[in-house]
Amino acid sequence: MKKTVLITGGAGFIGSHVVRHFVNKYPSYRVVNADKLTYAGNLQNLADIENAGNYVFEKADIVDEKVVDALFEKYSFDGVIHLAAESHVDRSIASPNEFVFTNVIGTVNLLNAARKAWKDNMDDKMFYHISTDEVYGSLGSKGLFTEDTPYDPRSPYSASKAGSDHFVRAYHNTYGLPVVVSNCSNNYGPNQFPEKLLPLFINNILTGKELPVYGKGENIRDWLYVEDHAKAIDLLFHSGRHGETYNIGGHNEWKNIDLIYLLCELMDEKLGREKGESAKLITYVKDRAGHDKRYAIDASKIQDYPGWTPEHNFREGLSKTIDWYLENTEWMQNVLSGDYEKYYEQQYLER
Ligand code: NAD
Ligand code: TYD
């Protein structure tokens, strides 16, 4: 094997697309997916590549320092692509501590282990940390986040991601660890847990449940198809400059309510429902506490690299995404079991 790469959080939404991309594109790499399998981790996401000769799964909690050290001893990693995280803003508002443990302490455990393992030669190594545009805070109606925008995290989720980003950069500055950080906008696509806007609303439309729009639905997000993110990660893992940050986004801003109407229109077409039928489910509910108004990314730095541009047009990407959820109802049923009902009640029935 040419390289052994650790991908953390590989059983989650974005992680599973990154693992599949690397396993298929780089047969000479050994890809080790380390994941705790929280409610958001699902090995079904990787069923198509689980028997590939260059793929290994390790059930591991990155908060446990000994577990992380043992992984590094067992595999002699050449590179790390770190995606494991608690990732949902609403859950971070309800229970922030888990976000500090996994996102901050988990990241520091990985940094320490990489530093120890690579102390004699860091030249050809890479610690690539995946982060979010939410660390930059909230925009008004104008402007874009650049790599130089000062950090201003406003939710427990984004504060924990900002903390982890600072540790990653500090390890580069202090110990010379070869790191790259990227901050990406909202991803959409197959295998996303139905706590996030799009899969939640697709499932609710299918099952005739209300569509809980926070506030007036005027918040704005920039949406990127998950495979476009995976390709950007591939590019930066191989060509990103040590110590640098890259913003990744789709130049694709949508006001929530406009996006929801488009989703309803596409779902009506696909389900053979009368036009306007799904939109009747729209229900305005109490706003999210501290709800960031607008995120928008200036992705010109990564787009200056030859070879990356978002390939998916939004309408096509959204249509493909809906088709995936309609064809994979068993996947949805499986992830809706367990604690999901309790989560849904606490999150929505009191709003
Ligand atoms: P996700 O919640 O779908 O998946 C997270 C994965 O991490 C799960 O498989 C989970 O089991 C695993 N995990 C959680 N705690 C762990 C622990 N203590 N030890 C080991 N594994 C653990 O998240 P996602 O949406 O795929 O996001 C992946 C990464 O990308 C996160 O770092 C997130 O901050 C970042 N990101 C996400 C988005 C987005 O729109 N989803 C946008 C930008 C950046
Ligand atoms: P989400 O998918 O949670 O991503 P993020 O908060 O990280 O951007 O939410 C996307 C947008 O949709 C955000 O402005 C909050 C809004 N939203 C709702 O209006 N209702 C919902 O039930 C959810 C989950 C989100």
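At what angle do helix α2 and helix α4 pack, and how far apart are their axes? Helix α2 (residues 65–75) and helix α4 (residues 97–117) pack at an angle of about 35 degrees, with their axes 9 Å apart. Axes are lines fitted to C-alpha atoms over the stretch in contact, and angles run from 0 to 180 degrees between N-to-C directions. Helices are DSSP runs (H or I, at least four residues), and strands are E runs of at least two.

This is a predicted model: local features need pLDDT of at least 70, side-chain atom pairs count only at pLDDT 80 or more, and totals for chains, interfaces and linings use all residues. Residues are numbered from 1 along each chain as its sequence is written, chains are lettered from A and ligands numbered from 1 in the order written, and side-chain values use heavy atoms, without hydrogens and water.

α2 supplies Glu65, Val68, Asp69 and Phe72. From α4 come Asn109, Leu110, Ala113, Ala114, Lys116 and Ala117. Contact here means heavy atoms within 4.5 Å.

**Ligand 2**

The shell around ligand 2 holds 19 residues (a heavy atom within 4 Å). Glu134, Arg221, Arg288, His291 and Tyr348 are the closest. Both α6 (197–207) and β8 (211–214) supply at least two shell residues each.

Taken alone, ligand 2 exposes 510 Å² (Shrake-Rupley method, 1.4 Å probe). The protein buries 97% of that.
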